[in-house]
Amino acid sequence: GVTTMCSAAVGNTISDVVGLWISGFIETAANILGMPDHGLSNEQQKFLYIRILKNTAMVFGICVGCILGMFPLAYPTEWRLWPSRENAMG
């Protein structure tokens, strides 16, 4: 099976990506309510390319962060700061 830490990392990555996708809907609702923009001009916001680029950059950043957070899972057993499940259980 998959370790608890690996399951948590995959779940965290999925929830972060879904949160970023939903942020587009939240930004649209904020614009409808008249809240201030995030710095892009109205012309820039209209371009599909800019929206795709912004969302892709956010997803990439979250995925890189989650992957870096999973590096302790790849440590050799002798480098780990915690006991393995087999050693802890007896």
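Helix H1 buries Ala 9, Thr 13, Val 17, Leu 20, Ser 23 and Ala 30, where buried means under 20% relative accessible area, exposed over 50%, and partly exposed in between (1.4 Å probe, protein chains only). Helix H3 (48–69) is included in what covers these buried residues; contact here means heavy atoms within 4.5 Å. The model is predicted, so local features need pLDDT of at least 70 and side-chain atom pairs count only at pLDDT 80 or more, while totals for chains, interfaces and linings use all residues. Residues are numbered from 1 along each chain as its sequence is written, and side-chain values use heavy atoms, with hydrogens and water left out.

**Overall fold**
- The protein chain has 4 helices and 0 strands; helices (H or I, at least four residues) and strands (E, at least two) are DSSP runs, numbered from the N terminus.
- Along the sequence, the chain reads as α-α-α-α.
- Of its 90 residues, 11% count as buried.
- Among contacts with a separation of 6 or more, 62% come from residues 24 or more positions apart.
- The chain exposes about 7,200 Å², of which carbon and sulfur atoms supply 70%; accessible areas come from the Shrake-Rupley method with a 1.4 Å probe, and for residues only the protein chains shown count as cover.

**Geometry of helix H1**
- Helix H1 covers residues 4–32, 29 residues in total, and its first and last C-alpha atoms are 42 Å apart, close to the 42 Å expected at 1.5 Å a residue; the expected span is 1.5 Å times one less than the number of residues.
- A kink of about 25° is centred on Ile 22 in H1, the bend at a residue being the angle between axes fitted to the seven residues ending there and the seven starting there.
- Just after H1, Gly 34 adopts a positive phi of about 85°.

**Nonpolar surface patch**
- Val 10, Ile 14, Val 18, Trp 21, Ile 22, Phe 25 and Ile 26 make a nonpolar surface patch of about 740 Å².
- Patches consist of residues with over 30% relative accessible area and no salt bridge, with like charges joined within 9 Å and nonpolar side chains (Val, Leu, Ile, Met, Phe, Trp, Tyr) within 5 Å.
- Ile 14 lies in helix H1 and is exposed, with a relative accessible area of 52%.

**Asp 16**
- Asp 16 also belongs to helix H1 and is partly exposed, at a relative accessible area of 25%.
- Leaving aside residues up to four places away in sequence, Asp 16 touches Ile 62 and Cys 66.
- The C-alpha atoms of Asp 16 and Met 58 are 9.7 Å apart, although 42 residues separate them along the chain.

**Salt bridge**
- The whole structure contains 1 salt bridge, defined as a side-chain nitrogen of Lys or Arg within 4 Å of a carboxyl oxygen of Asp or Glu.
- Lys 46 and Glu 43 form a salt bridge through their side chains, at 3.9 Å from N to O.
- Lys 46 and Glu 43 are separated by about one helical turn because they are 3 residues apart in helix H2 (residues 42–46).
- An α-helix has 3.6 residues a turn, so residues three or four places apart point the same way.
- Both Lys 46 and Glu 43 are exposed.
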